[in-house]
Amino acid sequence: MAERKVTVEAEVGLHARPAATFVQAAAKASIDVTVAKPGGEPVNAKSILMVMGLDVRQGETVVIRAEGEGAEELLDELAAIASAP
């Protein structure tokens, strides 16, 4: 299992457009992808309702995990989306 810890930099946090872009990128992958606040319960990163339900704000950290072929590349893409200002 591959993992990235990322600080969310967007003013709106992981809501609105950043959340939609994040979920769209995750949904393209044929592997399982989860996202969580540190110490929190992971949720399906392919579900906009689950991702927005985490209520991640600017400056908070999330943990993104994926398992399977292409996991490292997918996590790099998702980390870049989550950490974009």
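Student: OK, so contact means heavy atoms within 4.5 Å. With that in hand, what do the buried residues of α3 pack against?

Tutor: This is a predicted model, and in it the buried residues of α3 pack against β1 (2-7), α1 (16-28), β2 (32-36) and β4 (61-67).

Student: Which residues of α3 are buried?

Tutor: They're A71, L74, L75, L78, A79, I81 and A82. These residues cover an arc of only 160° around the axis, so they sit on the same side of α3.

Student: And how many residues does α3 have?

Tutor: It has 13, running over residues 71-83. From its first C-alpha to its last, α3 reaches 18 Å, close to the 18 Å expected at 1.5 Å a residue.

Student: Let's pick one residue. Why does L74 count as buried?

Tutor: Buried means under 20% relative accessible area, and L74 counts as buried because its relative accessibility is 7%.

Student: What is L74 in contact with?

Tutor: Setting aside neighbours within four places in sequence, L74 contacts A25, A26, A29, I31 and V33. Here's another pair to look up: L74 and K28 are 46 residues apart along the chain, and their C-alpha atoms are separated by 9.5 Å.

Student: Now the core. Which residues of the largest nonpolar core touch the most other members?

Tutor: That core has 28 residues, and the ones touching the most other members are F22, V33, V35, I64 and L78. At least two core residues come from each of β1, α1, β2, β4 and α3. The biggest giver is α3, with seven residues.

Student: What does V35 touch?

Tutor: Leaving out residues up to four places away in sequence, V35 touches F22, E41, P42, V43, A45, V51, L54, V62, V63 and I64.

Student: Switching to the sheet: what order do the strands have?

Tutor: It's an open sheet of four strands, ordered β1-β4-β2-β3, with antiparallel pairing. The edge strands are β1 and β3 (43-44), each pairing on one side only.

Student: How many bridges join β1 to β4?

Tutor: Six, and the two strands run antiparallel. To spot one of the pairs, find R4, whose bridge partner in β4 is I64.

Student: How about β2, how many bridges join it to β4?

Tutor: There are five bridges between β2 and β4. On its other pairing, β2 is joined to β3 by two bridges. T34 is handy for seeing both: it stands opposite R65 in β4 and opposite N44 in β3.

Student: What do β2 and β3 form?

Tutor: A hairpin, with six residues between the strands. In the turn, G39 has a positive phi of about 80°.

Student: Which residue other than glycine has a positive phi near 55°?

Tutor: That's D55. You'll find D55 in the loop between α2 (48-53) and β4, and its relative accessibility of 30% makes it partly exposed. A16 isn't a glycine either, and its phi is positive at about 50°. A16 lies in helix α1 and is partly exposed, with a relative accessible area of 48%.

Student: Last one: which residues does UniProt list for "domain: HPr"?

Tutor: The UniProt entry, which is unreviewed, lists residues 1-85. In the model, that span is 38% helix and 24% strand, and its end C-alpha atoms lie 27 Å apart.

Definitions and conventions:
Residues numbered from 1 in each chain as written. Predicted model: local features only at pLDDT ≥ 70, side-chain atom pairs only at ≥ 80, totals over all residues. Heavy atoms only, no water. UniProt positions renumbered as here; feature names shortened; annotations may be inferred. Expected span 1.5 Å × (residues − 1). Buried < 20%, exposed > 50% of the residue type's maximum accessible area, 1.4 Å probe, protein only. Arc of directions from axis to C-beta. Core = buried A, V, L, I, M, F, W, Y, C linked by side-chain atoms within 4.5 Å. Pairing = 2+ DSSP bridges.
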